[in-house]
Amino acid sequence: MIKVENLTRTFGPKVAVNNVSFSVGRGEILGFLGPNGAGKSTTMRMITGFIPPTGGRISVGDHDIIEEPIAAKRLVGYLPENAPSYTDMTVWQFLNFAAELRGFRGAARADAVKRVVDTCFLNNVVHQSVDTLSKGYRHRLCFAQSIIHDPQVLIMDEPTDGLDPNQKHEVRNLIRRMGEKKAIIFSTHILEEVEAVCTRAIIIDRGTIVASGTPADLKARSENAGVLSIRVSGLASDQIRQKLEDLAPVKRAALAGGEGSSLVHVRVYPKSREQNGELRSAVADLVARERWRVEEMHAEEGRLDEVFRSITMPDTRVGVR
Amino acid sequence: MNEALGNITAIAKRELVSYFSSPVAYVFLVIFLLMNGFFTFMAGGFFERGDASLIAFFIWHPWLYLFLVPAAGMRLWSEERRLGTMELLLTMPIAPWQAIAGKFVASWLFLGLALLLTFPVWITVNYLGSPDNGVIICGYFGSFLMAGAYLAITCMTSAMTRNQVIAFIVSVVICLFLILSGWPPVTQLLESLDMPTIRDLAASFSVMTHFDGFQKGVVAFRSLVYFGTVIGFCLFTTGVILRTHRAG
């Protein structure tokens, strides 16, 4: 549905987006990650046709955003950053206005407004002025505006920013539900959101795509992916570490806590990621042989925030292989 | 075309709603009417003239509009930029010119309403004497066109900045130029410098020159062209400003 090719955007001498290409199909939810100022919002603004690109092509559906802006915009619902809305209107007036610009007239308009009021839980505030709404309601209002025409493409710039945990949960569920039939792009700072909602994620930094893949793929790039964490009681820490490091697939075993106490926590790093399986069975054998009292043992999945940090701030390496 | 009209109407309607949902519109109307009354009856010497016409009423309009029209129009685009709603509006499936036209039409209608509410002056003059109502209608028409020209200028300055105060001041300055270039003291000065061509050129740029005819009941084609050109040019420039702003 969305195809972005070699997209570039400069603001004076500053390159905001540099040669970015990706595509999003129906049924996909693409998470856009990146530090502030990485070019996420700029990219989204170009896809929605708000600002023109300096170079490259964007098509939505089969429509080029530059050559057929109106046809392309018809397919898109857009929730801009900070969820702007006209503060001097009531919720009902605002949604009617949005519906009218989307081409709904008469009864169709009333239906469309009613539908999004229900979907976005705005029933309590329909006749309230936008001025008087809390941030959460304003967010939902702007979100309601973006889905009023049941668009095939939905683009959301930080849709859960400033919401309380319950509202975040609601919005995520809504996105996931709509992602079944639509092509969705959303940007966020919250990494757990990407894991919870996205089918695919792109990390963008200083205008270029630095990583892309499913959330699981990305997590596997973390240094901690495949690391075995093990808690043993009743033994000295040095002894445990030594025995573990003697195993063939083990690169090193690091003490993670419990030094000097009776419960020792050790993290065991495999020599390479392919040896994860061997590592697990080797450690299990060791435990059985030595009759250690193991309180807990699990393989770590890797953490997205580590990957994110190590990719976007390479100087403070957390470690990605 | 039907669709374009629908979009323009939707935007104009929204703009009118936002005028009347705050006290701004009512404050504006009251001030406009009070000042009109004051200038017509006190400063303009409506009664002392002993003349069954609304000259004393219309003569102040270029000066009244100088402050009141920018005040009514300064928020048109700057507010849109400040709130960030411009991003919403311009990502809707509409052409930018439809948004510009819609907003302009709404404000112009609002100014038209303010002008219509001065009808007691018209009743007064008809009660006291028997004026030529054709001339008065012509004066109203000219006044409305002049308000449109000022408004288009305000539209343009409003698109330049997110700050309403700056938009207001810049439009007042531009409108002041359009008044002064045809203001008798200035034209007389140019005349005394023996530069008739420059005087005529300067005067032809002025709203004063063109509004003058309407007050006297003359609808000159060149005046229609003048007001039409100012409105068209300023709205076109608004579009260019909005585009360059987005293009960075």
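How many residue pairs are in polar contact between chain A and chain B, both at pLDDT 80 or more? The count is 11. A polar contact is a pair of N or O atoms within 3.5 Å; within protein, one must be able to donate a hydrogen and the other to accept it, and residues adjacent in sequence count only if both atoms are side-chain atoms.

This is a predicted model: local features need pLDDT of at least 70, side-chain atom pairs count only at pLDDT 80 or more, and totals for chains, interfaces and linings use all residues. Residues are numbered from 1 along each chain as its sequence is written, chains are lettered from A and ligands numbered from 1 in the order in which they are written, and side-chain values use heavy atoms, leaving out hydrogens and water.

**Stop 1: where the chains meet**

Select both chains. In chain A, 30 residues are in contact (heavy atoms within 4.5 Å) with 28 residues of chain B. Together the chains bury about 2,600 Å², 60% of it on carbon and sulfur atoms. Buried area is the accessible area (1.4 Å probe) that two parts lose on being put together, summed over both. Now pick A:Phe50, A:Tyr86 and A:Leu101. In chain A, they lose the most area to chain B, together 28% of what that side buries.

**Stop 2: a bridge across**

Select A:Asp88 and B:Arg14. Their side chains meet in a salt bridge, 3.8 Å from N to O. A salt bridge is a side-chain nitrogen of Lys or Arg within 4 Å of a carboxyl oxygen of Asp or Glu. Four salt bridges link chain A and chain B.

Is B:Arg14 buried or exposed? B:Arg14 counts as buried because its relative accessibility is 4%. A:Asp88, at 23%, counts as partly exposed. Buried means under 20% relative accessible area, exposed over 50%, and partly exposed in between (1.4 Å probe, protein chains only).

**Stop 3: within chain B**

Go to B:Glu79 and B:Arg82. They form a salt bridge, with the closest N and O atoms 3.2 Å apart. Both sit in helix 6 (residues 75–83) of chain B, three residues apart, so about one helical turn separates them. Helices (H or I, at least four residues) and strands (E, at least two) are DSSP runs, numbered from the N terminus.

**Stop 4: a histidine in chain A**

Select A:His265 in strand 13 (residues 263–270) of chain A. A:His265 counts as buried, at 14% relative accessibility. Its side chain makes a polar contact with the side chain of A:Ser229, at 2.7 Å.
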